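This briefing covers a sheet and the helix packed on it, one further helix, and contacts that involve aromatic rings. The sequence and structure come first.

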Amino acid sequence: MPSKAKTGKKLVIVESPAKSKTIAKYLGEGFIVEASIGHIRDLPQPSELPADLKKTSLGKFAVDVENDFKPYYVVSPDKKKKVAELKAQLKDADALYLATDGDREGEAIAWHLLEVLKPKVPVYRMTFGEITKEAIHRAMDNLRDVDAALVDAQETRRILDRLYGYEISPVLWRKVARGLSAGRVQSVVTRMVVDRERERMAFKSASYWDLTGQFGADAGSFKAKLAAVDGNKVATGRDFNDDGELTSRNVAHLNEELATSLAAALQDADFRVRSVDTKPYTRRPAAPFTTSTLQQEAGRKLRFSSKSTMQIAQRLYENGYITYMRTDSSALSDEAVTAARRQASELYGPEYVPQSPRVYTSKAANAQEAHEAIRPAGDSFRTPAQVAKQLSGDEFRLYELIWKRTVASQMGDAKGSTATIRLGAVASDGRDAEFSASGTVITFPGFLAAYEEGKDESRGDDDSDEGRRLPNVAKGDGLTASDIIAVGHETSPPPRYTEASLTAELEKKGIGRPSTYASTISTIQDRGYVRKQGSALVPSWIAFSVVRLLEQHFTDYVDYEFTADMEGDLDKIANGQAAGAAWLKHFYYGEDSDPGLLSIVNNLGEIDAREINSVPIADGITLRVGKFGPYLESSLPTVDPKTGEVVESARANVPEDLAPDELTAAKAVELMETAAPEERVLGADPHTGHTVVAKNGRYGAYVTEIIPEMTEEQLANLPVEYYKNGKPKPPKKPVKAKPRTGSLFKSMTVESVSLDEALQLMSLPRVLGEDAEGNPITVQNGRFGPYLKKGTDSRSIGSEEEIFTITLEQALEIYSQPKQRGARAAVPPLAEFGPDPVSEKNIVVKEGRFGPYITDGITNITVPRSTSLEELTRERAVELLAEKRAKGPVKRTTTRKAPAKKAAAKK
């Protein structure tokens with residue numbers, strides 16, 4: 001067979017279309033650049049396996065657990081067309097270049113392409129950390145083969161996550177709620193958020209007092225705070241533990257009485273300077289961005305979610321503005337160091353650049369130095385001003401942040417001096433009081449001229465002294481005192497995690513990979529385990545149940561060190577120091593005294609679901625996590641104040657926006673005392689005999705009928721079905737009749753609604769009659785109020801009461817009028833949040849066809865179902881709009897009919 005003729009074409013495959021367009025500009029003629037659009041194949045759902053494989057050792061996970069954990073891959077249905085296109089392009093190519101990202105995920109994509117395309121031409125693995133002309137040409141000079149160890153590590157991780165999720169999630173379905181999921185990293189992250197909330201719930205506040213005063217000297221005045229009384233340091237928040245106990249010895253713990261009396265006794269005291277201490281101040285710049293620190297800083301400074309940050313960074317990378325955005329390394333290439341130092345010198349002056357370049361290494365657990373830090377792309381950096389017109393608002397803000405951080409990292413230290421003045425006096429009651437004031441003055445800003453790193457909230461933060469100048473005083477100088485007042489304080493609980501502080505803690509503990517932090521934090525919110533309250537992450541009660549079950553029965557799998565060790569093991573596989581199949585065998589089957597996951601799942605024993613879903617809140621009051629959400633239940637008999645009836649087990653709903661640490665014993669008692677009756681029997685329907693009840697549900701009050709179960713006699717009288725051979729089929733479980741229901745009008749309550757009103761509500765929709773064409777017209781109540789319906793034409797009516805009084809003639813009159821759309825009165829917004837930081841236009845929440853949505857007049861985003869309007873904050877609204885902008889406009893596909901084929905001419 002003759003060999004294929006040379007075409008001179010070279011096929012280059014990357015992951016994304018944006019990346020392919022940018023690379024194509026630099027490769028020139030002879031190169032065809034195509035995008036695989038991510039992974040082309042993956043593990044299928046076990047239910048999607050061929051019938052002959054479902055009963056084999058592949059059947060449970062689509063992974064052969066009995067034969068070295070060999071995975072069964074399938075090309076995704078939506079990628080079959082793409083694979084066909086790539087195969088067609090490959091037929092005309094002389095060489096194949098796999099140019100997917102250089103991390104484990106990118107290596108795995110390259111390997112899957114190799115396995116599926118089966119090329120018969122030379123194959124080269126091409127990697128680069130930035131998409132610039134210089135970087136692409138350097139990559140062409142440093143081609144290699146696909147790294148089998150990296151592929152093994154990614155495949156091991158994928159199979160590990162499948163084993164973990166498919167074995168543990170069903171336990172959650174049975175014992176907590178259907179639809180829940182467990183994940184190797186997501187469950188541990190959820191535990192971290194729950195643990196922090198537990199700390200807040202157990203926290204006991206302590207009060208302490210101190211004094212502040214204004215002191216004057218010839219050179220000026222300054223504010224100082226009480227530091228010591230009679231030689232003993234004044235207690236501050238750091239001197240108490242989370243139980244509210246004073247832990248430090250030899251400290252003066254002032255209460256309100258002592259502090260107030262001391263302030264009064266110091267009003268006419270003779271204050272003098274006791275000491276002046278001046279020390280040099282030096283501050284070094286922060287290292288260039290890693291994936292983790294970029295997410296943290298963008299969250300602090302730009303209010304971006306981790307997910308938004310990574311979406312925007314992806315676009316900046318693919319379009320050639322920054323280097324690869326998934327990296328654990330804070331190191332810069334020699335070219336980047338030179339570019340940063342040159343730019344710092346040009347913009348701020350040569351005195352701002354140190355003599356020697358700064359070298360950074362990662363401090364995080366399990367850090368990999370395989371990549372360079374995130375920085376502006378190129379051997380010379382473009383300033384933010386040079387790219388401003390090419391980028392969207394959010395892209396520009398993130399690029400500017402990266403540029404500033406990179407340039408600042410190669411600049412000189414900030415220098416200055418910190419002065420501390422100690423001053424004191426003897427009070428009229430004989431107590432010696434010493435005050436202190438500090439101030440830092442920056443004499444040379446150094447890197448601060450370009451950039452200053454943000455901070456997360458922490459306990460015990462004092463007011464910053466930086467930038468505060470103190471007057472020039474000397475020991476023994478007299479001072480005038482004014483405004484000496486007593487100030488009370490309360491110790492604060494540990495602050496809740498934000499996305500930024502949670503990301504920092506995950507990196508510190510070595511849990512997961514920084515490249516997956518954004519998706520993990522997004523997942524635990526989408527699953528309903530965590531919600532945002534402002535920027536704080538608040539766990540749901542269902543998260544408490546999930547974490548409790550996992551802690552009790554899958555202890556290792558939510559243990560922080562165990563999870564971090566797994567990451568270390570996966571790193572060994574990536575480095576070729578271990579084999580994935582052997583590691584998976586140990587993880588799943590265990591060894592000797594070390595049980596594997598399978599053994600633990602098979603020997604769980606009895607799990608008390610009620611105990612798992614219960615949290616004691618107060619004496620006799622327990623929080624239960626039920627099918628329809630959390631509620632309080634009292635184990636003590638109580639008397640209904642309205643009916644006088646003794647209720648054995650009273651219940652009360654828990655407001656969705658009430659954070660777990662806010663559900664104190666006092667709050668629980670209040671909710672129980674003010675709870676509306678959960679259910680009230682109204683009587684029997686005279687037509688059906690069914691009992692009608694009014695209930696308070698999760699989504700409001702409603703009425704419904706109770707349909708009794710069929711009796712044994714009724715079941716026995718059901719018709720019998722037979723097989724073809726004449727044998728009777730087993731009796732089918734009868735289909736339960738759906739009870740009629742109806743939401744209460746706004747003017748009704750569970751206590752006030754009558755049986756007649758309930759029967760009317762359950763009779764809706766009400767048929768009014770037909771129009772001239774025979775179309776039925778009905779009236780009913782809906783989410784947005786009462787309305788008429790004729791086919792697909794709906795018309796609003798005035799009030800809920802009109803539902804039972806409106807006539808057919810009145811309805812026909814309404815339909816005879818043209819349907820009002822834009823002409824109707826403007827509906828006021830549901831909420832307003834002020835100007836958006838990007839568009840600078842007012843953010844409002846409006847009611848739309850598909851529910852409430854947030855808009856700034858340019859970008860619209862539906863309010864997530866998991867977020868109620870009451871808990872929607874300005875920060876969350878800004879974040880949702882930012883995420884929508886980050887995704888860019890929705891691409892609309894147009895489907896055209898293929899022209900009809902002409903019939904072949906008869907011969």
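Rings of Phe, Tyr and Trp (its six-membered ring) pair if their centres lie within 6.5 Å; planes under 30 degrees apart count as stacked, over 60 as edge-to-face and the rest as tilted. By this rule the count comes to 24 aromatic pairs. The model is predicted: local features need pLDDT of at least 70, side-chain atom pairs count only at pLDDT 80 or more, and totals for chains, interfaces and linings use all residues. Residues are numbered from 1 along each chain as its sequence is written, and side-chain values use heavy atoms, with hydrogens and water left out.

**Aromatic rings and charges**
- The rings of tyrosine 73 and tryptophan 111 are edge-to-face, because their planes are at 70° with the centres 6.3 Å apart.
- Tyrosine 73 is in the loop between strand 5 (70-71) and strand 6 (74-75), and tryptophan 111 is in helix 4, so the pair ties together parts 38 residues apart in sequence. Helices (H or I, at least four residues) and strands (E, at least two) are DSSP runs, numbered from the N terminus.
- Tyrosine 73 is buried at 15% relative accessible area, while tryptophan 111, at 22%, counts as partly exposed. Buried means under 20% relative accessible area, exposed over 50%, and partly exposed in between (1.4 Å probe, protein chains only).
- One aromatic cluster is formed by Tyr164, Phe554, Tyr557, Phe562, Trp583 and Phe587.
- Arginine 196 lies over the face of tyrosine 497, 4.3 Å from the ring centre, and lysine 790 lies over that of tyrosine 815, at 4.7 Å. The criterion is NZ of Lys or CZ of Arg within 6 Å of the ring centre and within 35 degrees of the ring normal.

**Helix 4**
- Just after helix 4, lysine 118 has a positive phi of about 45°.

- Four strands make an open antiparallel sheet in the order 21-22-23-26; two strands pair if DSSP finds at least two bridges between them.
- Strand 21 (614-618) and strand 26 (651-653) are the edge strands, each pairing on one side only.
- Strand 23 (residues 629-634) pairs with strand 26 over three bridges, and glutamate 633 has arginine 651 in strand 26 as its bridge partner.
- Helix 16 (residues 541-553) packs on the sheet and touches strand 21, strand 22 (621-626) and strand 23, where contact means heavy atoms within 4.5 Å.
- The direction of helix 16 makes about 85° with that of strand 22. Axes are lines fitted to C-alpha atoms, for helices over the stretch in contact, and angles run from 0 to 180 degrees between N-to-C directions.
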